[in-house]
Amino acid sequence: KAMRVMPEVREAFSSGRIGRDQVERVAKVYANPRIRDQVEANDAGFAREAESHDFRVFDRMVTAWENLADEDGARDRDQRSHENRDAKIVQDFDGSWRLSGAFGSLQGVELEAIFKAFMKMETLADWDKARAEHGDNATTSDLPRTDNQRRADALFEIFQRAAAHHAGSEGG
């Protein structure tokens, strides 16, 4: 359907200047009835951008464009993400533990800010230790933990502080 009403995209595909993946991506955004008219109106722009960029870049550009053009859809997706939020801590067969979660945008932004602050704290502690042992010539190879270890330790510290705060409060 998109190809019938988008002559620039159709011609770019017919001549081999853009591929099937780009056409399918345009068709997917065209399938959104809330912005179909805007997609048609930007036929030349979609064709030009599809020719100018590899698929991954083009896909990200179309997604960004769609989010701007379809504010209701973005709001719907965010609401769906918030309603479907989830977090799990599951023990693996080897006795280790795995944490996963999914959050809406507002909770996600707040979680990321808190996590980054604790990561910074853990990183600064490692640099202090490395400089104490190696002086001002300390490098990243002198840090006692890897980024992965610092991320895990930062998350553990968040949980520890939350538990301590709760334990110190009424009813904790």
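## The largest pocket

About 290 Å³ of space lies in the largest pocket of this predicted model, where a pocket is, on a 1 Å grid over the protein atoms alone, an open set of points where a 1.4 Å probe fits, with protein on both sides within 12 Å along at least five of seven lines. Its volume is the space filled by probe spheres set on the points, which are joined across faces, edges and corners. Among the residues that line the pocket are Ala-87, Ile-89, Leu-99, Phe-103, Ile-114 and Phe-159, lining residues being those with an atom within 4 Å of a point. Strand 1 (86-91), strand 2 (97-102), helix 8 (105-134) and helix 9 (147-168) each give two or more residues to this lining; helices (H or I, at least four residues) and strands (E, at least two) are DSSP runs, numbered from the N terminus.

## How the model is read

Residues are numbered from 1 along each chain as its sequence is written, and side-chain values use heavy atoms, with hydrogens and water left out. Because this is a predicted model, local features need pLDDT of at least 70 and side-chain atom pairs count only at pLDDT 80 or more, while totals for chains, interfaces and linings use all residues.

At the N-terminal end, Asp-54 caps helix 6 with a side-chain oxygen that lies 3.1 Å from the backbone nitrogen of Arg-56. This is judged as a polar contact, a pair of N or O atoms within 3.5 Å; within protein, one must be able to donate a hydrogen and the other to accept it, and residues adjacent in sequence count only if both atoms are side-chain atoms.

The 30 residues of helix 8 should span 44 Å at 1.5 Å a residue, which agrees with the 42 Å between its end C-alpha atoms. Its buried residues are Phe-118, Met-119, Glu-122, Asp-126, Trp-127 and Ala-130, and they pack against helix 9. Just after helix 8, Gly-135 takes a positive phi of about 75°.

Arg-150, which lies in helix 9, counts as buried at 4% relative accessibility, and its side chain is joined to that of Asp-126 by a polar contact of 2.8 Å. Arg-145 sits in the loop between helix 8 and helix 9 and is also buried, with a relative accessible area of 19%; a polar contact of 2.7 Å joins its side chain to that of Glu-122. Leaving aside residues up to four places away in sequence, Arg-145 touches Glu-122, Asp-126, Arg-150 and Asp-153.

Terms used
Buried < 20%, exposed > 50% of the residue type's maximum accessible area, 1.4 Å probe, protein only. Expected span 1.5 Å × (residues − 1). Contact = heavy atoms within 4.5 Å.
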